[in-house]
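Me: I would like to go through this structure slowly, asking at each step what a description rests on.

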Amino acid sequence: MEFAGISLDTKALKKFSAKLDDEINELRNQIHAAAGSEFNIDSPKQLGVVLFDDLKLDDKPKKTATGQYSTRETELLRLAPSHAIVRDVLEYRNAVKLKSVYVDQLPEAIRPDTGRLHTHYSQLWTTTGRLQSNNPNLQTIPIRKARGREIRAAFVARDDDHLILSADYSQIELRIMADLSGDETMMSAFRDGTDIHRSTASKVYKVDPDDVTREMRDKAKTVNFGIIYGISAFGLQQRLNIPREEAHDLINNYFEKHPGVQAWIDSTIEFAKEHGYVATRTGRRRFLRDITSGNKSLQRASERLAMNSPIQGTAADLLKLAMIRVHHALRAGGFKTEMLLTVHDELVFDMHKSEIETVIPVITEAMQGALPMSVPIEVETGYGANWLEAH
DNA sequence: AATTTCACG
DNA sequence: ACGTACGTGAAATTA
């Protein structure tokens with residue numbers, strides 16, 4: 001994959017760069033006008049002084065670890081509805097980030113001899129077994145916001161004979177938690193092929209699945225991710241912007257309806273305290289020196305790692321096993337399709353157009369069978385002229 | 001070199 | 001009283 005590289009539409013990025021420049025200049029002017037001074041918006045320190053000392057947008061602004069005003073996105077979002085300057089700062093930050101990290105840097109990283117982008121993967125350093133990608137990092141290419149999607153669309157197929165194919169595991173970490181814990185509720189949800197967030201919503205809100213609203217499903221989705229990370233009521237309250245009581249109820253209801261998950265978390269933490277490590281399904285270990293620490297917050301943090309690492313780590317093991325199987329399957333089948341990128345639960349390919357019908361089932365099967373699990377593994381595929389269309 | 005912020009899964 | 005969800009890499013500013 002490192003040798004293969006991926007093609008970038010530099011012409012499109014160049015146009016986008018000019019457009020971002022215009023947006024950035026206009027936003028900078030508006031921000032300076034609203035502030036009444038020409039400060040450096042890129043400096044969190046100066047920005048904090050402008051927003052909280054000069055304009056006094058918040059009576060009790062949150063501070064960072066070193067005592068500065070915090071100007072991070074979650075803080076600014078609370079002020080955005082009532083203050084245009086804050087909305088402009090958020091837009092400005094988004095545009096500057098995209099321009100500096102992606103739009104202007106990626107074309108520089110193209111290797112002149114191949115005309116393609118070659119990332120470097122490291123298997124050595126992450127604590128959970130995931131791969132790292134750097135120089136350039138191709139595992140953080142934008143997709144969530146509208147502006148960023150233009151960058152993803154610049155990752156294009158090799159030539160007119162190829163398309164970008166994306167194959168990603170659906171809800172892989174939740175499926176792994178179902179497998180590791182053997183929780184009956186989760187296992188039947190996945191076996192029935194139901195929408196897992198809707199299913200969780202019907203449990204934590206104690207309503208019929210048909211009566212789950214959009215809002216209930218969205219909140220249940222946050223609960224599901226929170227469980228994987230070792231949620232606290234405080235954390236859920238912050239993320240959902242709900243009262244503490246409601247957050248407590250959601251978590252209590254979740255564990256009441258998923259006793260297998262609760263038991264698995266408890267026994268995993270207990271195992272970590274006894275042995276000093278936890279392990280993925282294939283046996284990769286993560287040692288947790290602070291799991292028996294007298295420092296409560298260190299211990300709590302270690303407990304979250306104890307339950308999260310087997311889940312994230314098993315997903316990493318699964319994808320690496322899948323990559324080996326895909327590699328052999330492509331070679332055995334004599335395919336021209338080439339594996340290019342891996343992004344934690346996704347594989348990206350240059351797919352030869354003549355192989356659309358044949359190669360997709362081969363890749364899907366190789367990924368699904370990488371690690372036998374007690375719940376179905378689903379792989380979603382899509383293809384198009386670029387990485388955005390493939391999703 | 002440390003801090004702050006933000007892009008992704 | 002404290003701190004508050006897991007794993008990363010990179011850029012700009014500050015110390």
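This is a predicted model: local features need pLDDT of at least 70, side-chain atom pairs count only at pLDDT 80 or more; totals for chains, interfaces and linings use all residues.

Me: Why is the pair between Arg239 and DNA strand C called a polar contact?

Reply: A polar side-chain atom of Arg239 lies 2.2 Å from a base nitrogen of DNA strand C, and because a pair of N or O atoms within 3.5 Å is a polar contact, the name applies.

Me: How are the residues of the surface near DNA strand C divided by class?

Reply: That surface has 6 nonpolar, 18 polar and 7 charged residues.

Me: Which residues are closest to DNA strand B, and how much of what the protein approaches there is sugar or phosphate?

Reply: DNA strand B is surrounded by 23 residues, of which Thr64, Thr66, Lys97, Ile143 and Asp345 are the closest. Sugar or phosphate supplies 76% of the atoms of DNA strand B within 4 Å of the protein, while the rest belong to bases.

Me: What makes the approach of Arg72 to DNA strand B a polar contact?

Reply: A backbone N or O atom of Arg72 lies 3.5 Å from a phosphate oxygen of DNA strand B, and the limit for a polar contact is within 3.5 Å, so the pair is counted. A polar side-chain atom of Thr64 is 2.7 Å from a phosphate oxygen of DNA strand B, and for the side chain of Lys145 the value is 3.0 Å, again to a phosphate oxygen.

Me: Why are helices H8 and H11 described as roughly perpendicular?

Reply: The axes of H8 (residues 196-204) and H11 (residues 244-257) come within 8 Å and cross at roughly 105°. Angles from 65 to 115 degrees count as roughly perpendicular, and therefore H8 and H11 are given that description. Thr200, Lys203 and Val204 of H8 make the contact with Leu250, Asn253, Tyr254 and Lys257 of H11, and these residues divide into 3 nonpolar, 2 polar and 2 charged.

Technical notes:
Residues are numbered from 1 along each chain as its sequence is written. Chains are lettered from A and ligands numbered from 1 in the order in which they are written. Side-chain values use heavy atoms; hydrogens and water are left out. Axes are lines fitted to C-alpha atoms, for helices over the stretch in contact, and angles run from 0 to 180 degrees between N-to-C directions. Helices (H or I, at least four residues) and strands (E, at least two) are DSSP runs, numbered from the N terminus. Angles under 35 degrees count as roughly parallel, over 145 as roughly antiparallel, 65 to 115 as roughly perpendicular and the rest as oblique. Contact means heavy atoms within 4.5 Å. Ala, Val, Leu, Ile, Met, Phe, Trp, Tyr, Cys and Pro count as nonpolar, Asp, Glu, Lys and Arg as charged, and the others, Gly among them, as polar. A polar contact is a pair of N or O atoms within 3.5 Å; within protein, one must be able to donate a hydrogen and the other to accept it, and residues adjacent in sequence count only if both atoms are side-chain atoms. A residue is near a molecule or strand if one of its heavy atoms lies within 4 Å of it.
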